[in-house]
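Q: Got a minute to go through the salt bridges and the surface of this one? Let's start with the charged pairs.

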Amino acid sequence: MRTYFELILRRPQFRHLWTAQVISLMGDWFNTIASVIIVTRYTDSGLAVGTLFVARALPPFILGPIAGVVADRFDRKWIMVISNALRIFIVLGFLLVDRPERVWLIYVLSVTQFAVSAFFEPAQGAILPALVERDELITANSLASATWSAMLAVGAAIGGVVAGLFGAETALVIDAGTFLLASLVLMQINAETAPRREADAEVNGWRDFLDGLRYVLQRPTIGRATLVKGITQIGTADLIIALYAAQI
């Protein structure tokens, strides 16, 4: 734990990124619980809730490889800032779902929100080497993972309490506010966050993607590691946590 605190204090640029991550992850759980509450409010179908989670999970699955290529071609800081800025308006759109006839809108907005989110995550990972020294990368990545796990518990708890006391709409407004605040924090990053390319380098994103896929297929150990995140989403506890917060 001391190593993490020392890294945060020693690297102000990384501190901005980490702070934005904490804020954003907190808002994610406000959004998850509020979305489930709204769906269960206007429908009585378990399929409706399941469809919501499909709408949230499918865009990153489809767009993830493309988003990685984008993070290799454009300024990572501004990819994250723009992604957060877009999600402010998308999340506020959830407030339009105020009767059963508009439930379909929450699925469209969820797909849109997580399509945008798919570009945020690769940019966040790719920007790390520009914010810390090479020998600090493992510590920085470990802290990012530990933060996600911590906010899973803290964010879900606080999001559930807020939604229960003040309503799903309030939770959504707070979620939009977290995206705004995270964007402002990210804009404080003052480092070289654009990928370095040779002047005559050929820009071919699909070739990069295929090269990466070939690299993984040739290295089974790395290939298995890349599947961990996807496999853990089968029977994910996220759905149970959200349903518990919404119904109990």
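**Charged pairs and a nonpolar patch**

A: Start with Asp72 and Arg76: their side chains meet in a salt bridge, 3.7 Å from N to O. A salt bridge here is a side-chain nitrogen of Lys or Arg within 4 Å of a carboxyl oxygen of Asp or Glu.

Q: Is this a predicted model, or what are the ground rules?
A: This is a predicted model: local features need pLDDT of at least 70, side-chain atom pairs count only at pLDDT 80 or more, and totals for chains, interfaces and linings use all residues. Residues are numbered from 1 along each chain as its sequence is written, and side-chain values use heavy atoms, with hydrogens and water left out.

Q: Back to that pair. Is Arg76 buried or exposed?
A: Arg76 is buried, at 12% relative accessible area. Asp72 is partly exposed, at 33%. Buried means under 20% relative accessible area, exposed over 50%, and partly exposed in between (1.4 Å probe, protein chains only).

Q: How many salt bridges does the rule give?
A: The count comes to 8.

Q: Which residue does Glu169 pair with?
A: Arg41, with the closest N and O atoms 2.8 Å apart. Glu169 sits in helix α7 and Arg41 in helix α2 (residues 12-42), so the bridge ties together parts 128 residues apart in sequence. Helices are DSSP runs (H or I, at least four residues), numbered from the N terminus.

Q: How accessible are Glu169 and Arg41?
A: Glu169 is partly exposed at 32%. Arg41 is also partly exposed, at 39%.

Q: What does Asp98 bridge to?
A: Arg99, at 3.3 Å between the closest N and O atoms. Asp98 counts as partly exposed at 40% relative accessibility, and Arg99 does too at 35%.

Q: Which residues form a network?
A: Arg10, Arg11, Glu133 and Glu136 are linked by salt bridges.

Q: New topic. Which residues make the nonpolar surface patch?
A: Trp78, Ile82, Leu86, Leu180, Leu181, Leu184 and Met187, covering about 650 Å². Patch residues have over 30% relative accessible area and no salt bridge; nonpolar side chains (Val, Leu, Ile, Met, Phe, Trp, Tyr) are joined within 5 Å, like charges within 9 Å. Areas come from the Shrake-Rupley method with a 1.4 Å probe, and for residues only the protein chains shown count as cover.

Q: Which helices supply at least two residues each?
A: α4 (76-93) and α7 (168-186).

Q: And where is Leu181?
A: Leu181 lies in α7. Leu181 is partly exposed, at 43% relative accessible area.
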